[in-house]
Amino acid sequence: MTDWMIWFAVACALVILEMATGTFYLLMIAIGVAGGGIVALSGASGTWQCIIAAAIAAIATFALRRSRFGRSENLDASRDPGVNLDIGQTLEVAEWRHAAGTTSTTSTTSTARVMYRGALWDVELAGGGTAVPGVFRIQEIRGNRLIVINNS
């Protein structure tokens with residue numbers, strides 16, 4: 001078996017493994033290995049084949065890491081509607097309680113107790129919200145407390 005055949009066989013094996021993992025990094029390494037196979041087809045020595053394969057794989061991996069496909073979004077699970085289906089749902093607050101000593105209707109310490117999904121929940125007004133009775137949208141969940149914002 002010639003050098004170029006080995007390079008392309010390894011590249012195919014990496015592509016198959018990539019399909020099992022779905023990370024795209026093995027695909028970038030497979031591109032580098034295929035580059036080594038192309039260099040082998042041109043008749044270069046084994047040292048140059050390895051250098052070119054490593055360089056192409058490193059550049060491709062770096063490019064993937066810089067792209068939107070390589071960045072992982074570290075979303076807070078308490079705010080991610082893909083994790084918690086209550087995020088974005090609406091509920092009705094009939095009456096707000098304010099912390100002792102505050103009379104402002106825009107206080108961030110406004111709380112309420114509401115019926116939501118057949119159970120009583122503690123509700124807290126998010127910053128920037130107005131503590132008036134009405135319909136609110138769930139913005140975040142902290143433990144057993146729903147953080148809500150005015151639904152507008």
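The legends below describe close-up views of a predicted model.

**View 1. The surroundings of Val148.** When residues up to four places away in sequence are not counted, Val148 touches Leu91, Trp96 and Val123, and its list of contacts also holds Glu124, Leu125, Ala126, Phe136, Arg137, Ile138 and Gln139.

**View 2. The salt bridge between Arg113 and Asp122.** The structure holds five salt bridges, and one of them joins Arg113 to Asp122, with the closest N and O atoms 2.8 Å apart. Side chains of opposite charge can pair when their charged atoms come close. Are the two partners buried or exposed, or does each fall in between? Arg113 is partly exposed, with a relative accessible area of 44%, whereas Asp122 has a relative accessible area of 18% and is buried, because buried means under 20%.

View 3. Glu124 lies in strand E3 and Arg145 in strand E5, so the pair ties together parts that are 21 residues apart in sequence. Glu124 is buried, at a relative accessible area of 18%, while Arg145 is partly exposed, at 27%. Glu140 forms a salt bridge with Arg142, again with the closest N and O atoms 3.1 Å apart; here Glu140 is buried, with a relative accessible area of 6%, and Arg142 is partly exposed, with 44%. Salt bridges that share partners join Glu124, Glu140, Arg142 and Arg145 into one network.

**View 4. Ser110 in the loop between E1 and E2.** Ser110 lies in the loop between these two strands, and this serine is buried, with a relative accessible area of 0%. The side chain of Ser110 makes a polar contact with the side chain of His98, at 3.0 Å. Which residues are in contact with Ser110, leaving aside its neighbours within four places in sequence? They are Trp96, Arg97, His98, Val123, Glu124, Leu125 and Ala131.

**View 5. Two aromatic pairs.** The count of aromatic pairs comes to three, and one of these is the edge-to-face pair of Trp4 and Phe8, whose rings are 6.2 Å apart centre to centre, with 70° between the planes. Both residues lie in helix H1 (residues 3-21), four residues apart, which is about one turn of the helix. Trp4 is partly exposed, with a relative accessible area of 34%, and Phe8 is also partly exposed, with 26%. Tyr116 and Trp121 form an edge-to-face pair too, at 6.1 Å centre to centre and 75° between the planes. Tyr116 counts as buried, at 8% relative accessibility, and Trp121 counts as buried at 17%.

Notes: Residues are numbered from 1 along each chain as its sequence is written. This is a predicted model: local features need pLDDT of at least 70, side-chain atom pairs count only at pLDDT 80 or more; totals for chains, interfaces and linings use all residues. Side-chain values use heavy atoms; hydrogens and water are left out. Contact means heavy atoms within 4.5 Å. A salt bridge is a side-chain nitrogen of Lys or Arg within 4 Å of a carboxyl oxygen of Asp or Glu. Buried means under 20% relative accessible area, exposed over 50%, partly exposed in between (1.4 Å probe, protein chains only). A polar contact is a pair of N or O atoms within 3.5 Å; within protein, one must be able to donate a hydrogen and the other to accept it, and residues adjacent in sequence count only if both atoms are side-chain atoms. Rings of Phe, Tyr and Trp (its six-membered ring) pair if their centres lie within 6.5 Å; planes under 30 degrees apart count as stacked, over 60 as edge-to-face and the rest as tilted.
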